[in-house]
Amino acid sequence: MRVAIQLAELAELKGEVPVGAVLVKNDVMIASGFNLSILNHDPTAHAEMECIRQAGQMLANYRMLDTTLYVTLEPCTMCAGAIVHSRIKRVVYGADDLKTGAAGSVMNLLQHTAFNHQLEVTSGLLAAECGQQLSAFFSRRRAEKKALKQLGKLAVSSAHAKNG
């Protein structure tokens with residue numbers, strides 16, 4: 001999970017929502033990823049999806065049998081679907097996603113009994129640290145948007161003062 005947190009930091013440095021993911025097999029990291037949705041203009045470029053794509057190439061297989069995915073944020077429905085289809089054995093995540101979580105917070109697709117594959121799910125690993133990383137990011141983002149809005153208002157006022 002520490003590597004996933006470092007990847008989330010890298011995502012944030014690139015202006016992305018700080019989420020990182022690592023896939024492990026036999027105690028060896030075989031793939032990693034972080035959010036790239038904003039940079040790639042791709043709503044599917046979540047950390048888990050990037051990691052799964054990389055693992056498929058590394059393993060030369062679309063099945064990731066006997067692997068564990070570590071991710072800093074609870075997977076969404078899209079990622080949960082890919083995780084189920086890739087046959088990952090276990091998911092370990094940090095922070096709950098109370099808006100779109102699909103591993104138990106909002107719904108639980110990873111262990112849905114209608115599917116032919118259910119995973120082991122462990123939640124809350126380094127949850128406070130993962131959650132704080134996301135909270136701090138969104139807090140800064142809101143502050144930046146507010147500052148830009150204020151600058152825009154000042155520019156309009158200044159322009160009116162010069163013309164009026």
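Predicted model: local features only at pLDDT ≥ 70, side-chain atom pairs only at ≥ 80, totals over all residues.
The largest nonpolar core comprises 44 residues, and Leu23, Leu69, Ile83, Ile88, Val91 and Leu110 are the members that touch the most others. Two or more residues are given to this core by each of the helices α1 (2-13), α3 (47-59), α4 (77-85) and α5, and by each of the strands β1 (20-25), β2 (28-34), β3 and β4 (90-95). In soluble globular proteins, nonpolar side chains tend to be buried together. Among the core residues named above is Ile83; beyond four places in sequence, Ile83 is in contact with Ile52, Leu69, Pro75, Ile88, Val91, Leu110 and Leu119.

Strand β3 spans residues 67-73 and includes Thr68. The relative accessible area of Thr68 is 15%, so this residue is classed as buried, the cut-off being under 20%. When residues up to four places away in sequence are set aside, Thr68 touches Val22, Leu23, Val24, Arg90 and Val92.

The largest pocket holds about 650 Å³ of space. Its lining consists of 24 residues, and those nearest the pocket centre are Leu73, Asp97, Thr100, Leu134 and Phe138. Helices α2 (37-40) and α5 (127-163) are the elements that supply two or more residues to this lining. The largest share, 5 residues, is provided by α5. Classified by residue type, the lining of the largest pocket contains 11 nonpolar, 6 polar and 7 charged residues.

Methods: Residues numbered from 1 in each chain as written. Heavy atoms only, no water. Helix = DSSP H or I, 4+ residues; strand = E, 2+ residues; numbered from the N terminus. Buried < 20%, exposed > 50% of the residue type's maximum accessible area, 1.4 Å probe, protein only. Contact = heavy atoms within 4.5 Å. 1 Å grid on protein atoms, 1.4 Å probe; cavity = no way out; pocket = protein on both sides within 12 Å on 5 of 7 lines; lining within 4 Å. Points joined across faces, edges and corners; volume = space filled by probe spheres on them. Nonpolar A, V, L, I, M, F, W, Y, C, P; charged D, E, K, R; others polar. Core = buried A, V, L, I, M, F, W, Y, C linked by side-chain atoms within 4.5 Å.
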